[in-house]
Amino acid sequence: MTDTRPLRADAARNRRLLLAAAADEFAERGLDASVADIARRAGVGKGTVFRHFANKDELIAAILIDRMAALSDLGEALHGADDAEAALREFLTAAAMQRQERDLSFLAVASESMPEVGRARDRMMTAVERLVARARERGAVRGDVTGADVFLLMCAPNYVAGYVPNASPDLWRRYLALILDGLRPEGARPLPEAAPDLG
């Protein structure tokens with residue numbers, strides 16, 4: 001995973017297929033998903049998996065890094081948007097949609113000690129902090145809201161909706177709207193605790 005040389009077109013394609021297949025397998029089977037099943041689902045041999053990833057832990061880390069990179073890219077692109085509130089809403093919607101499509105949050109525990117995952121998380125945290133800072137400056141969110149607050153709230157819409165049996169697949173949108181309303185300065189009251197330090 002530390003090799004930074006560009007991949008050949010076929011190798012890059014196989015890597016994309018493997019990451020998509022692995023994400024699907026882990027979503028369906030949890031951490032018990034096997035490398036053999038992932039390879040079969042991707043339409044490649046087991047050897048191809050191990051040419052890209054030394055072990056299952058590296059594969060898990062790559063999935064998480066890919067997902068966080070997509071959100072970081074979006075957050076960085078939205079930072080200069082004229083409408084800071086709309087930018088934050090678009091980012092949080094994308095984060096919730098990513099999780100709704102495939103909830104792989106349980107994978108984070110399996111690779112939390114890997115430095116590459118930590119760096120990807122830090123990059124995403126920085127993107128969130130910059131979006132929130134800009135929204136604060138523009139008066140779009142309450143003055144005591146921090147990047148850490150919003151970072152922690154990213155998973156909340158799906159988490160809450162997940163408790164409802166046979167819920168509409170779009171129920172998370174209701175809770176995202178409640179979160180966004182709660183971030184606005186109108187009617188805000190002092191918060192009882194300081195924001196956590198996630199550093």
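Q: Tyr163 first: buried or exposed?
A: Exposed, with 61% relative accessibility. The cut-offs here are under 20% relative accessible area for buried, over 50% for exposed and partly exposed in between, using a 1.4 Å probe and protein chains only.

Q: Before I go on, what sort of model is this?
A: This is a predicted model, where local features need pLDDT of at least 70 and side-chain atom pairs count only at pLDDT 80 or more, while totals for chains, interfaces and linings use all residues. Residues are numbered from 1 along each chain as its sequence is written, and side-chain values use heavy atoms, with hydrogens and water left out.

Q: OK, back to Tyr163. Which residue does it form an aromatic pair with?
A: Tyr159, in an edge-to-face arrangement with 5.4 Å centre to centre and 80° between the planes. The rule pairs rings of Phe, Tyr and Trp (its six-membered ring) if their centres lie within 6.5 Å; planes under 30 degrees apart are stacked, over 60 edge-to-face, the rest tilted. By that rule the count is one aromatic pair. Tyr159 itself is partly exposed at 49%.

Q: Which residues make the nonpolar surface patch there?
A: Tyr159, Val160 and Tyr163 make a patch of about 350 Å². Patch members need over 30% relative accessible area and no salt bridge, with like charges joined within 9 Å and nonpolar side chains (Val, Leu, Ile, Met, Phe, Trp, Tyr) within 5 Å. The areas are Shrake-Rupley values with a 1.4 Å probe, and for residues only the protein chains shown count as cover. Val160 lies in helix H9 and is partly exposed at 36%. Helices here are DSSP runs (H or I, at least four residues), as are strands (E, at least two), numbered from the N terminus.

Q: Switching to the inside. How many residues are in the largest nonpolar core?
A: 55, and those with the most contacts inside it are Phe26, Leu88, Leu92, Met154 and Leu183. A core is a set of buried Ala, Val, Leu, Ile, Met, Phe, Trp, Tyr and Cys residues joined through side-chain atoms within 4.5 Å.

Q: Which helix gives the most to it?
A: H4, with nine residues. Among the elements giving two or more residues are helix H1 (9–29), helix H4 (56–78), helix H5 (84–101) and helix H7 (115–137).

Q: And what does Leu88 touch?
A: Leu131, Val132, Ala135, Val141, Val150 and Leu183, leaving aside residues up to four places away in sequence. Contact means heavy atoms within 4.5 Å.

Q: What about Ala95, buried or exposed?
A: Buried, at 6% relative accessibility. Ala95 is in helix H5 and touches Leu71 and Met154, again not counting residues up to four places away in sequence. The C-alpha atoms of Ala95 and Arg173 are 12 Å apart, although 78 residues separate them along the chain.

Q: Charges next. How many salt bridges does the structure hold?
A: 14. Each is a side-chain nitrogen of Lys or Arg within 4 Å of a carboxyl oxygen of Asp or Glu.

Q: Where do Asp73 and Arg123 lie?
A: Their side chains meet in a salt bridge at 2.4 Å, N to O. Asp73 is in helix H4 and Arg123 in helix H7, so the pair ties together parts that are 50 residues apart in sequence. Asp73 is partly exposed at 43%, and Arg123 is partly exposed at 31%.

Q: Which residue does Glu85 form a salt bridge with?
A: Arg184, with the closest N and O atoms 2.7 Å apart. That pair links distant parts of the chain, 99 residues apart: Glu85 is in helix H5 and Arg184 in the segment after H10.
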